Amino acid sequence: MAGLDEINETGQDAQRGGYSRHVWQGPDLELRAWFIERAERIGLAVETDRNGNIWAWWGTPGPDAVVTGSHLDSVPGGGAYDGPLGVVSALDAIARLQATGVTPSRPCAILVFAEEEGSRFGIACLGSRLMTGTLDADRARALVDPDGVTLAEAAAHAGIDPAHLGTDRDALNRIGLFVELHIEQGRGLIDLGHPVAVASSILAHGRWRLTMTGQGNHAGATLMTDRRDPMVAAARAVLAVQEAASARPGTRATVGRMNIIPCGTNVIPSRVEAWLDARAETDEETRALVSEITAGVDAAVAENGCAVSIVEESWAGSVHFDPELRDRFSAALHGVPTLPTGAGHDAGVLAASVPSAMLFVRNPTGISHSPEEFASAEDCMAGIDALEKLLRTLL
Ligand code: HGY
Ligand code: MN
Ligand code: MN
Ligand code: MN
């Protein structure tokens with residue numbers, strides 16, 4: 001809890017509430033430095049890989065290493081636990097093992113991924129996608145943040161050579177298995193009455209950019225009948241998103257971000273950009289949901305005399321975590337429940353390349369990606385106990 005308190009001195013967002021820590025900007029850079037200092041304090045050897053992910057090794061680096069970790073970046077106005085809980089728990093679990101005289105019989109590392117939320121450059125799990133080659137390095141280098149800074153420039157600013165971004169087989173080859181501890185984002189554990197669960201699967205999910213174009217004009221001088229207002233089109237498009245997902249049980253679709261151009265009170269906008277986040281249990285169902293949304297958006301935009309272009313910015317197919325590892329972990333933890341999740345994780349990206357697993361810690365409201373995200377100290381301790389136990393059996 002002291003570790004979380006230290007982290008929470010950084011990146012407080014007075015305007016939104018909660019924390020805003022975006023990759024390779026001030027608060028994120030401070031937290032990366034904080035992690036390095038804390039890892040070195042317990043004798044771990046720190047290195048940053050070609051994609052800006054930070055490794056802290058206990059003993060000699062890989063192969064077949066037991067790797068655990070999470071991320072330190074956040075969504076805009078995010079909570080205190082999404083990411084940091086997994087990092088702090090990893091530090092504490094290893095410190096406890098050291099204190100009880102464990103000498104690892106295989107390599108062990110903490111791994112802190114870069115840009116898990118995609119809050120700055122738009123693609124979630126950027127560090128793990130680059131590592132596994134599921135995101136092309138040229139495409140990544142050209143991504144632009146809201147201030148017009150390219151990812152290549154941002155990486156260089158953080159001391160990471162942008163020319164070296166890309167598939168990192170050496171890093172992957174070192175991972176024998178990866179386990180990410182994370183606050184639960186949902187209410188599964190409350191209903192089950194357990195503090196900790198093992199993850200079973202992750203929904204398929206993706207992000208799409210909708211650019212709606214109309215005619216910018218004067219708010220006072222333009223009759224209602226003469227307008228081609230992309231803001232009205234966008235409002236109707238959001239309703240189409242809600243309707244499509246509501247009609248398909250279990251699917252989720254959200255518009256959480258919009259740019260209005262030029263954004264003046266007395267100006268009919270000329271353009272609105274909106275970002276769609278859509279998720280469902282299977283890839284097929286997610287694709288079907290998005291095509292239904294696309295049809296609804298097309299109609300909404302046409303009705304208002306506007307045009308729309310829809311671009312897929314990222315995609316992650318559904319993930320089923322290694323069943324053997326999942327069952328082994330659940331049994332080692334005295335049969336804790338297994339739970340699916342609607343949230344994406346680096347562990348999910350890694351799962352296609354290496355055996356991966358996750359531990360969830362109970363969240364008494366289920367609320368996440370919000371300042372109200374919470375886990376009790378007791379449940380956080382139960383999470384660390386579980387992680388320590390797993391590491392002890394694996395090492
Ligand atoms: O968006 C997500 O699901 C994740 O928390 N990055
Ligand atoms: Mn998150
Ligand atoms: Mn997270
Ligand atoms: Mn005027």
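**Exercise 1.** Leaving aside its neighbours within four places in sequence, which residues is Asn266 in contact with? Then decide: is Asn266 buried or exposed?

*Solution.* This is a predicted model: local features need pLDDT of at least 70, side-chain atom pairs count only at pLDDT 80 or more, and totals for chains, interfaces and linings use all residues. Residues are numbered from 1 along each chain as its sequence is written, while chains are lettered from A and ligands numbered from 1 in the order in which they are written.

Step 1. Find Asn266 in the loop between strand 9 (252–261) and strand 10 (267–268). Strands (E, at least two residues) and helices (H or I, at least four) are DSSP runs, numbered from the N terminus.

Step 2. List the contacts. Two residues are in contact if their C-beta atoms, placed from the backbone, lie within 7 Å. Asn266 is in contact with Ala219 and Gly220, with neighbours within four places in sequence left aside.

Step 3. Apply the burial rule. A residue is buried if 20 or more other C-beta atoms lie within 10 Å of its own, exposed if 12 or fewer, and partly exposed in between. Asn266 has 8 other C-beta atoms within 10 Å, so Asn266 is exposed.

**Exercise 2.** How many residues does the largest nonpolar core have? Describe where they come from.

*Solution.* Step 1. Define the core: a set of buried Ala, Val, Leu, Ile, Met, Phe, Trp, Tyr and Cys residues joined through C-beta atoms within 7 Å. The largest one has 112 residues. Those with the most contacts inside it are Ala109, Ile110, Ala237 and Ile293.

Step 1. Trace the sources. Helix 9 (residues 230–246) gives the largest share of this core, 9 residues. The core also draws at least three residues from each of domain 1 (2–202 + 318–394) and domain 2 (204–316). These bounds come from an automatic or database domain assignment.

Step 2. Look at Ala237. Not counting residues up to four places away in sequence, Ala237 touches Leu210, Met212, Ala274, Val297, Ala300 and Val301.

Step 3. Recall the background. In soluble globular proteins, nonpolar side chains tend to be buried together.

**Exercise 3.** How far apart are the C-alpha atoms of Ala65 and Ala109?

*Solution.* Step 1. Locate Ala65 in strand 3 (residues 65–71). Ala65 counts as buried, because it has 26 C-beta neighbours inside 10 Å.

Step 1. Compare sequence with space. Ala65 and Ala109 are 44 residues apart along the chain, and their C-alpha atoms are separated by 7.0 Å.

Step 2. Confirm the contact. Ala109 is one of the residues in contact with Ala65, as are Ile175 and Gly176.

**Exercise 4.** What separates the centres of domain 1 and domain 2?

*Solution.* Step 1. Taken over C-alpha atoms, the separation is 32 Å.

Step 1. Count the contact: 7 residues from domain 1 and 11 residues from domain 2.
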